[in-house]
Amino acid sequence: MEWVNAIVQGILTGGLYALFAAGLSLIFGVMRLVNIAHGDLIVGAAYVALAVISATGLNPLASLVIVVPVMAAIGYGLQFGLLNRVIGGNILPPLIVTFGLSVILQNLLLQVFSADSRKLNAGPIETDSLKIMPGLDVGYMPLLTFVAAVLIIASLQFLFYKTSMGRAFRATSDDGEIAQIMGLDNRRVFAWAMALSLAVVAVAGVFLAIRANFDPFMGPSRLIFGFEAVIIGGLGNLWGTLAGGVILGVAQGLGAQIDPGWQLLAGHVAFLIILAFRPRGLFPRID
Amino acid sequence: MPPKNGDIRFKGHSILGARPSRVTELGIAMVPEGRRLFRSLTVEENLVLGGYVKRPGPWTLAKVYEVFPVLKERRHQPATSLSGGQQQMVAIGRALMSNPEVLLLDELSLGLAPVVIKDIYALLPKILGEGLATILVEQDVTRALSVSDHFACMLEGKFSLKGRSDAFSHEEISAAYFGT
Amino acid sequence: MQSATISRSTRASRIAAGLAVILVVALAAAPWWTSSANLRLFTEFMIYLALASSWNLLAGYAGLISVGQHAYVGFGGYLMFSCVLFLGLNPLYAIPIAGVLGGLIAIPVAFFVFRLKGPYFAIGTWVVAEVFRLSAAQMSSVGGGSGLSIPVSAMRALGSKSEREILIYLTAFALCIGAVVVIYLVLRSRIGLALTAIRDNEIASLSLGVPIGRIKLAVYVVAAAGTAMIGALIFITKLRISPDAAFSVNDWTVFVIFIVVIGGIGTMEGPIIGTLLYFVLRESLADLGAFYLMILGALAIVIMLATPNGLWGLVVKRFDFSLFPVGYRVRGLTPKSD
């Protein structure tokens with residue numbers, strides 16, 4: 001039963017990793033950008049929520065009403081004002097610029113909020129759980145995280161393939177030059193993509209902050225989890241990203257079951273094994 | 001490549017170095033060489049995107065489907081799954097959707113089978129009937145002359161011959177074309 | 001008929017070479033003319049310059065943008081500790097061993113990370129460094145998660161405190177000069193030519209028969225070996241090791257990347273300028289704490305936007321000048337005009 005429990009909890013944690021990964025996957029799909037500051041932005045969103053909650057007294061989940069638009073606006077501005085200048089061509093400038101952003105963000109958070117670890121308090125939902133059978137309890141919060149991940153990925157999928165914004169994303173990703181001739185403005189399309197990515201980041205940050213302690217320096221490992229989920233699932237495949245997150249979560253859960261020290265190691269090893277045998281991921285987009 | 005001097009003007013606006021979308025807004029549309037359809041978009045999505053710049057005029061999705069009925073049948077297929085000729089139709093339809101005043105057709109016959117080229121050219125008069133000025137860049141001289149009113153030959157960046165399409169013999173044109 | 005001369009060096013680069021020789025001799029003699037505090041600072045300078053030069057070879061010349069070189073720093077450090085603890089070796093003798101084993105372990109690592117392209121390669125190398133760190137934390141024989149200190153007896157083998165400092169400084173000096181010379185020779189060899197070809201046009205060089213995969217692997221292995229040797233030395237100076245210190249992304253990767261980018265990536269001189277600037281900033285802004293790191297990050301961003309070839313790139317553009325002539329120069333040829 002312990003093992004079944006480890007797998008079930010792992011699957012649910014996978015939902016959180018899919019939330020870390022979805023925004024990363026989205027901007028890579030639209031503009032081939034890998035944002036090294038992605039993890040730090042997730043943590044940044046958690047601090048924004050912290051600030052909103054202490055100012056308004058809202059429940060962390062309700063604070064999303066403010067945190068999501070704030071992060072989306074930051075994303076739009078960041079892309080329009082800075083990242084658009086380094087996109088296309090050489091891969092070094094965007095890497096260094098987002099790397100620099102990552103360092104700036106970590107130290108900014110340190111300066112403003114100190115190194116103490118924090119947590120968002122969502123009330124009784126945090127500890128309540130659903131008894132499925134003896135020895136297998138499913139917490140409401142992990143369940144809610146997983147449902148949120150499924151909903152977000154389904155809506156991103158819908159947005160990508162059924163709306164005019166998604167059409168613009170795909171057209172710009174296919175052939176930016178022709179898309180511009182058709183009247184699309186690349187700079188704005190990219191800015192909207194980053195806004196969307198950071199809207200997802202906002203949700204990821206709030207769920208992270210309700211489920212665990214956070215501090216200014218935990219961004220890079222969230223980036224790595226998200227990155228691993230994207231690669232395991234296959235580049236450009238959003239449902240694949242969810243599967244990637246679940247595989248990572250289960251691997252970590254099983255590792256922790258063997259020895260608590262192996263939790264993270266087991267996740268990385270699973271990633272490396274998949275990389276060795278399926279370098280394009282488990283579900284690469286067919287084109 | 002930016003030009004050293006000179007200007008390109010259209011309806012009183014300088015369009016040299018203007019954003020590509022601005023040129024389309026002013027009423028110039030292009031069918032690019034090699035078609036360059038959006039590969040992750042369906043036929044219909046490609047056409048709709050062509051109408052992103054909303055200019056008033058006769059061309060609508062329905063009108064494009066009327067001229068190219070085969071596209072209506074395949075509208076939900078990925079654009080790049082179509083045959084070369086049908087892809088060229090999508091490219092033309094996509095350009096028309098912006099209701100241009102000037103249509104630029106670049107290497108219309110490139111990479112297409114002769115039968116398909118014939119079909120496309122047979123459709124051109126029907127498309128151009130509505131007072132649409134068209135600039136066709138084409139290696140297939142005979143076909144280009146058959147649909148055009150005026151022509152110009154260029155050799156190493158300079159005009160070598162220009163005039164009415166019916167005013168010169170084939171030999172005179174090919175001499176200008178090859179620079180012999 | 002026009003005449004043209006093709007040369008590697010220029011008058012400026014020959015004068016600079018003369019000055020550089022004098023500087024190198026002076027630095028070699030540093031233990032005899034400077035204080036012990038300065039000597040420690042110089043040691044650290046040499047360590048950072050060597051790290052920066054190896055990263056520059058990797059990213060600037062081979063296009064392998066790794067953000068996980070701290071894997072090899074930590075590997076070298078732990079290897080040195082293992083040699084001292086389990087084999088009773090003199091710590092300095094562990095340095096070449098760290099080089100060989102660091103190069104060897106880079107081969108299976110490359111098997112994994114070379115499957116990832118461009119920016120994904122970067123994060124993949126980071127994952128590997130995480131694996132190294134977590135594995136080190138699992139090994140209780142080298143102190144597990146909390147780490148351990150080097151036995152006093154091992155350090156006594158290196159002599160008195162001041163003798164030790166001189167020995168360590170000279171080792172750092174030798175490693176640093178060694179790194180710069182090796183990179184210089186690599187760049188002037190056929191591999192250097194191939195790297196330039198790959199940088200200019202990867203597909204064209206592949207079709208010309210340049211074995212891109214093997215050359216990149218060779219560069220990756222050489223950089224890993226060098227970084228592991230420096231890692232071994234770093235933890236001789238620190239006397240203590242722990243997984244977090246050994247595999248610190250900030251200390252061994254972030255600073256190194258910023259040094260190279262600010263100085264000028266893809267140039268021999270860039271890492272030197274960058275390391276100098278890094279130490280000047282550190283000594284003058286260290287009191288600012290977190291702000292200092294934010295300034296460094298912002299500087300790297302500004303450099304990338306304004307002058308992607310770094311500060312040295314600005315100098316070259318203005319004065320057409322090079323300290324390390326790794327390319328060829330054509331003089332006296334005017335463009336044909338007809």
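How many residues of chain B are in contact with chain A? In this predicted model, the contact involves 16 residues of chain B and 13 residues of chain A. On the side of chain B that touches chain A, at least two residues come from each of helix H1 (20-26) and helix H2 (43-50) of chain B. H1(B) gives the most to this side, with four residues. Sorted by class, the side of chain B that touches chain A consists of eight nonpolar, four polar and four charged residues.

Chain C contains 15 helices and four strands. Its C-alpha atoms fill a box of roughly 75 × 50 × 40 Å along the principal axes. Among the contacts in chain C with a separation of 6 or more, 78% are between residues 24 or more positions apart.

In soluble globular proteins, nonpolar side chains tend to be buried together. The largest nonpolar core here has 241 residues, and Leu19(A) and Val206(A) are those with the most contacts inside it. Helix H8 (residues 186-211) of chain A supplies the largest share of this core, 20 residues. Leaving aside residues up to four places away in sequence, Leu19(A) touches Ala148(A), Ala149(A) and Ile152(A), as well as Val200(A), Val203(A), Ala204(A) and Phe207(A).

Definitions and conventions: Residues are numbered from 1 along each chain as its sequence is written. Chains are lettered from A and ligands numbered from 1 in the order in which they are written. This is a predicted model: local features need pLDDT of at least 70, side-chain atom pairs count only at pLDDT 80 or more; totals for chains, interfaces and linings use all residues. Two residues are in contact if their C-beta atoms, placed from the backbone, lie within 7 Å. Ala, Val, Leu, Ile, Met, Phe, Trp, Tyr, Cys and Pro count as nonpolar, Asp, Glu, Lys and Arg as charged, and the others, Gly among them, as polar. A nonpolar core is a set of buried Ala, Val, Leu, Ile, Met, Phe, Trp, Tyr and Cys residues joined through C-beta atoms within 7 Å. A residue is buried if 20 or more other C-beta atoms lie within 10 Å of its own, exposed if 12 or fewer, and partly exposed in between; C-beta atoms are placed from the backbone.
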